[in-house]
Amino acid sequence: MNSLRQRPFNFGAGPAALPEEVLLQAAGEMLDWRGSGMGVMEMSHRGSDFIAIYEDAITGLRILLDVPQEFHILFLQGGGIGENAIVPLNLSGGGVADFLLTGSWSSKSWDEARRYVRTAHVAASAEPDGFTSIPPASRWRLSPDAAYVHVCSNETIQGVQFAELPHLAALGSRAPLVVDCSSDIASRRFDWQRVGLAFAGAQKNLGPAGLTVVFVREDLLGRALPICPSAFNYELAARHQSMYNTPPTWGIYLLGLMVEWMRRQREGELTGVAALEIRHRRQAGKLYAAIDASAFYTNRVAPTARSLMNVPFFLADTRHEAAFLDGARERGLLQLKGHKSVGGMRASLYNAMTDAAVDALVGYLREFERQMG
Ligand SMILES: *Cc1c(COP(=O)(O)O)cnc(C)c1O
C-alpha cells in the first residue's frame with residue numbers, strides 16, 4: 001500500500017503521529033496477518049500467532065531500551081493516569097511516598113497517591129516559579145522512610161524535562177525511583193541502575209492509546225495492598241506474562257512494529273534510541289534556536305530544563321494566536337495549540353517527527369513574524 005499524497009505534519013502532544021511506514025504496514029496486515037487468515041484485532045490472545053507477536057514486541061523492546069533482566073516488562077491498560085493509582089497500590093504499603101513536583105503530571109500523580117498512602121510528601125516543588133525549572137537535588141527533602149520517590153521525567157504540558165534521571169543512591173536514599181516517562185520513553189538512553197519502576201502510556205512515543213508499558217524491578221513485586229485490583233497487581237501481571245486478563249492486543253502489535261522501526265533508525269554510526277536521541281537534540285535545538293532568536297516568540301523554561309519532546313512557546317501578542325494557528329493549518333502544520341492550562345502554542349517532537357516537519361515549522365515561525373511585524 002502506498003500513501004496517496006504527502007500527509008500534513010502533526011505536532012500533537014498525544015495521541016501523537018506515528019511513522020508512515022508503521023501505519024502502512026499495519027494497514028497492509030489489517031485483514032490478514034501474515035497468512036493467518038485473521039487480523040490482529042480478531043486473534044485470541046492465547047493463540048500461537050498472537051503469542052509470537054507478543055514475544056517479538058517484548059524482546060524487541062528489551063533490546064531497544066537495554067532493559068536489564070531483573071526488570072519485568074508489563075503490558076497493561078489504564079494509561080499514565082491509571083498508574084497514578086496503580087503504583088501506590090502496588091508499592092507504597094500504605095506508608096510514605098515522596099514526590100518531586102515539576103509540572104502538571106507529577107502534581108496529578110501526587111494528588112492521586114494521597115488516597116492510598118499515609119503521607120504523600122512533597123520533596124521539592126517548582127510550582128513557585130510556574131514550573132519552568134527543575135529544583136536542584138541539593139534542595140530535595142527526601143523522607144528517610146519513603147517506599148518510593150516519584151518523578152515525571154518529562155512534563156508534557158510545561159515542556160520541562162530532567163536532563164538526567166535523579167540518582168537517589170548518590171543522595172543517600174535507598175528508596176526505589178518511580179519514573180513517569182509517558183512522554184519521553186525511548187527518546188534517549190535510560191539509566192536503569194537508577195530506576196525501580198518506570199511506566200509510560202504508549203500513545204506518545206511507542207504506539208497507540210490503550211496500552212501502558214510498565215517496567216518493574218523483580219524485588220518490587222509482591223508488595224501490593226490487599227485492595228489492589230487483581231487486573232492491576234504487578235505480581236499477577238508478571239506471573240501471567242501480562243495475560244492475567246486480556247491485554248490490549250492491537251496496541252501490543254503496533255508497539256512491536258514501532259519497536260522494529262525504532263531499531264532501524266540511524267544517525268551516522270548510531271542506531272536505535274541512541275540515533276533517536278541525536279535526532280531529538282537536533283530538531284529541538286533548531287526550534288528553540290528559532291524561538292530564542294526572535295522577540296516575537298518566547299519559551300520561559302530554564303535552558304537546562306527544556307524538553308526535547310514538547311516545546312511550548314508564546315506569541316508576544318496573544319491576539320495573533322488564532323491567525324497563527326489558521327496559517328499553520330493551511331500549511332499542513334497540525335495540532336500546534338498549547339495545552340489549555342498554560343495557553344500559547346506547543347510543538348511536540350516525538351519519535352515519528354521528521355526534520356522536514358521541524359524545518360517547515362521553523363520556516364513558518366519566520367514567515368508569520370514577518371507578516372505580522
Ligand atoms: C500523557 C501523559 C499521561 C497521561 O496518560 P493517560 O494515558 O491519558 O492516562 C501521564 N503522564 C505523562 C507524563 C503524560 O505525558
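1. A word on conventions. The model is predicted, so local features need pLDDT of at least 70 and side-chain atom pairs count only at pLDDT 80 or more, while totals for chains, interfaces and linings use all residues. Residues are numbered from 1 along each chain as its sequence is written, and side-chain values use heavy atoms, with hydrogens and water left out.

2. The domains. The protein chain is assigned domain 1 (26-262) and domain 2 (268-372); such bounds come from an automatic or database domain assignment. Their C-alpha centres are 27 Å apart.

3. The buried area. About 2000 Å² is buried between domain 1 and domain 2, with carbon and sulfur atoms giving 57% of that area. Buried area here is the accessible area (1.4 Å probe) that two parts lose on being put together, summed over both.

4. Polar links across the interface. Between domain 1 and domain 2 there are 10 residue pairs in polar contact, both residues at pLDDT 80 or more. A polar contact is a pair of N or O atoms within 3.5 Å; within protein, one must be able to donate a hydrogen and the other to accept it, and residues adjacent in sequence count only if both atoms are side-chain atoms. The interface also has 1 salt bridge, a term for a side-chain nitrogen of Lys or Arg within 4 Å of a carboxyl oxygen of Asp or Glu. Do look at Arg-189 and Glu-277, whose side chains form a salt bridge at 3.3 Å, N to O.

5. The ligand site. Residues around the ligand (a heavy atom within 4 Å) include Trp-105, Cys-152, Asn-154 and Lys-204. For Asp-180, a polar side-chain atom lies 2.7 Å from a nitrogen atom of the ligand.

6. Backbone details. Gly-14 and Pro-15 are joined by a cis peptide bond, with omega about -10 degrees. Pro-15 sits in the loop between strand S1 (9-10) and helix H1 (20-28). Phe-131, although not a glycine, has a positive phi of about 55 degrees, and belongs to the loop between strands S4 (119-125) and S5 (146-152). Helices (H or I, at least four residues) and strands (E, at least two) are DSSP runs, numbered from the N terminus.
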